[in-house]
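Trainee: I've got a new structure open and I'm a bit lost. Can you walk me through it?

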Amino acid sequence: MMAYRIAYCKINYPLAYYAAYFGIRADAFSYEIMCQGKEKLNYYIQDYKKRSDTLSKKEQDVMKDMKIVQEFYARGFEFLKIDLYQSDAIKFQVVEGKLLPPFSVIEGMGGIAAEALALAAKDGPFISKDDIAGRAKVSRSTLDVMGELGLLGDLPESNQLSIFDLKIG
């Protein structure tokens with residue numbers, strides 16, 4: 001009976017199914033690997049297949065999750081980019097016909113840090129990376145990963161104003 005219910009949801013409510021699956025069943029979901037499009041995902045799948053007999057336990061879990069994400073893409077669905085102000089700490093959300101990943105799928109972001117970031121974002125806009133680190137207690141290395149993934153937009157490094165940041169004219 002449970003298999004029938006799962007199949008029914010997968011067919012009739014696919015985004016809700018995938019949101020629940022990725023949030024509950026996915027053991028090693030990685031934003032960097034899985035949410036950057038089909039091409040990047042396929043690159044990682046091929047790489048993991050080449051090294052299949054030497055994969056660590058974590059990489060085996062990642063490979064299992066990549067297969068479900070590959071199915072997700074094959075069905076024509078997409079992920080949204082993580083949003084500092086809309087993303088949840090640990091739950092995937094269905095937004096405008098796409099899935100919005102949570103903060104917890106960012107490499108190096110634990111559940112406590114993800115919760116702190118979500119709470120800090122509700123208190124108002126961040127003015128710099130230092131502001132995020134201070135208010136949300138996010139580590140510098142995780143902020144660097146977020147910056148590399150383009151999740152921080154054009155936030156300056158520091159709260160300090162520089163004379164070179166001023167635009168005259």
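Predicted model: local features only at pLDDT ≥ 70, side-chain atom pairs only at ≥ 80, totals over all residues.

Trainee: Okay. What does the secondary structure of the protein chain come to?

Mentor: The chain has eight helices and two strands. Going along the sequence, the pattern reads α-α-α-α-α-β-β-α-α-α.

Trainee: And what box do the C-alpha atoms fill?

Mentor: Roughly 65 × 35 × 35 Å, taken along the principal axes.

Trainee: How many of the residues count as buried?

Mentor: The chain has 169 residues, and 40% of them count as buried. As for the surface, the chain exposes about 10300 Å², with carbon and sulfur atoms supplying 54% of that area.

Trainee: What share of the contacts comes from residues 24 or more positions apart?

Mentor: If you take the contacts with a separation of 6 or more, 55% of them are between residues 24 or more positions apart.

Trainee: Let's look inside. How many residues does the largest nonpolar core have?

Mentor: There are 52 residues in that core. Phe22, Phe29, Met66, Phe79, Leu117 and Ile132 have the most contacts inside it.

Trainee: Which helices supply at least two residues each?

Mentor: Helix H2, H3 (31-34), H4 (38-50), H5 (57-74), H6 (111-122), H7 (129-136) and H8 (140-148) each do. The largest share comes from H5, which gives seven residues.

Trainee: Why would nonpolar side chains be found together like that?

Mentor: In soluble globular proteins, nonpolar side chains tend to be buried together.

Trainee: You listed Phe29. What is phenylalanine 29 in contact with?

Mentor: Leaving out neighbours within four places in sequence, phenylalanine 29 contacts Phe22, Met34, Cys35, Asp65, Val69, Phe79, Phe92 and Val105. Two of the names there, Phe22 and Phe79, were also on the list of residues with the most contacts inside the core.

Trainee: Which residues make the contact?

Mentor: On H1 they are Ile6, Cys9, Lys10, Ile11 and Asn12, and on H2 they are Pro14, Tyr17 and Tyr18. By class, that contact has six nonpolar residues, one polar and one charged.

Trainee: Now a loop. Where does glutamate 107 lie?

Mentor: Glutamate 107 is in the loop between strand E2 (98-100) and H6.

Trainee: Why does glutamate 107 count as partly exposed?

Mentor: Because its relative accessibility is 42%, and partly exposed runs between the buried limit of 20% and the exposed limit of 50%.

Trainee: What does glutamate 107 touch?

Mentor: Not counting residues up to four places away in sequence, glutamate 107 touches Ser30, Lys58, Thr142 and Val145. Another pair to look at is glutamate 107 and leucine 143, which are 36 residues apart in sequence and 10 Å apart in space, C-alpha to C-alpha.

Trainee: Last topic, backbone angles. What is phi of glutamate 96?

Mentor: Phi of glutamate 96 is near 50°, a positive value in a residue other than glycine. Glutamate 96 sits in the loop between strand E1 (93-95) and E2, and it counts as exposed at 76% relative accessibility.

Trainee: And lysine 137, buried or exposed?

Mentor: Lysine 137 is exposed, with a relative accessible area of 64%. You'll find it in the loop between H7 and H8, and although it is not a glycine, its phi is positive, about 60°.

Methods
Residues numbered from 1 in each chain as written. Heavy atoms only, no water. Contact = heavy atoms within 4.5 Å. Helix = DSSP H or I, 4+ residues; strand = E, 2+ residues; numbered from the N terminus. Nonpolar A, V, L, I, M, F, W, Y, C, P; charged D, E, K, R; others polar. Core = buried A, V, L, I, M, F, W, Y, C linked by side-chain atoms within 4.5 Å. Buried < 20%, exposed > 50% of the residue type's maximum accessible area, 1.4 Å probe, protein only. Areas by Shrake-Rupley, 256 points an atom, 1.4 Å probe, with all protein chains shown as cover.
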